[in-house]
Amino acid sequence: MALMITDECINCDVCEPVCPNQAIYQGDIIFEIDPVRCTECVGHFNEPQCVAVCPVNCIPVDPRHVETREQLMEKYQVLMVEKRDE
């Protein structure tokens, strides 16, 4: 499952720099998460780093992008190949 940032976001900018997949970016109003790049930190950490640092707890699982841990690991592996090939 990818994560999402809700409208409770206060734009504090602590989540963006901790994302190992560069999935978090400044949207028009609040920060947003690219579900194609979000692996919930699978492959990098034991827990999503954005959730761990968010002071207002506004980063839940995105119900529109349900993925198993295995699917998240596959996505992580694809992202690492892309990064290596850059």
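1. Residues are numbered from 1 along each chain as its sequence is written. Because the model is predicted, local features need pLDDT of at least 70 and side-chain atom pairs count only at pLDDT 80 or more, while totals for chains, interfaces and linings use all residues, and side-chain values use heavy atoms, with hydrogens and water left out.

2. Lys 75 sits in helix α2, residues 69-85 (helices, H or I, are DSSP runs of at least four residues, numbered from the N terminus). Lys 75 counts as buried because its relative accessibility is 13% (buried means under 20% relative accessible area, with a 1.4 Å probe and protein chains only). Beyond its neighbours within four places in sequence, Lys 75 is in contact with Pro 35, Val 36, Arg 37, Cys 38, Thr 39 and Glu 67 (contact means heavy atoms within 4.5 Å).

3. No disulfide is present in the structure (a disulfide is a pair of cysteine sulfur atoms within 2.5 Å). For Cys 41, the closest cysteine sulfur, in Cys 19, is 6.0 Å away, which is too far for a bond; Cys 41 is buried, at 6% relative accessible area. For Cys 54, the closest cysteine sulfur belongs to Cys 58 at 3.7 Å, again too far for a bond, and Cys 54 is buried as well, at 11% relative accessibility.

How values were computed. Helix = DSSP H or I, 4+ residues; strand = E, 2+ residues; numbered from the N terminus. Buried < 20%, exposed > 50% of the residue type's maximum accessible area, 1.4 Å probe, protein only.
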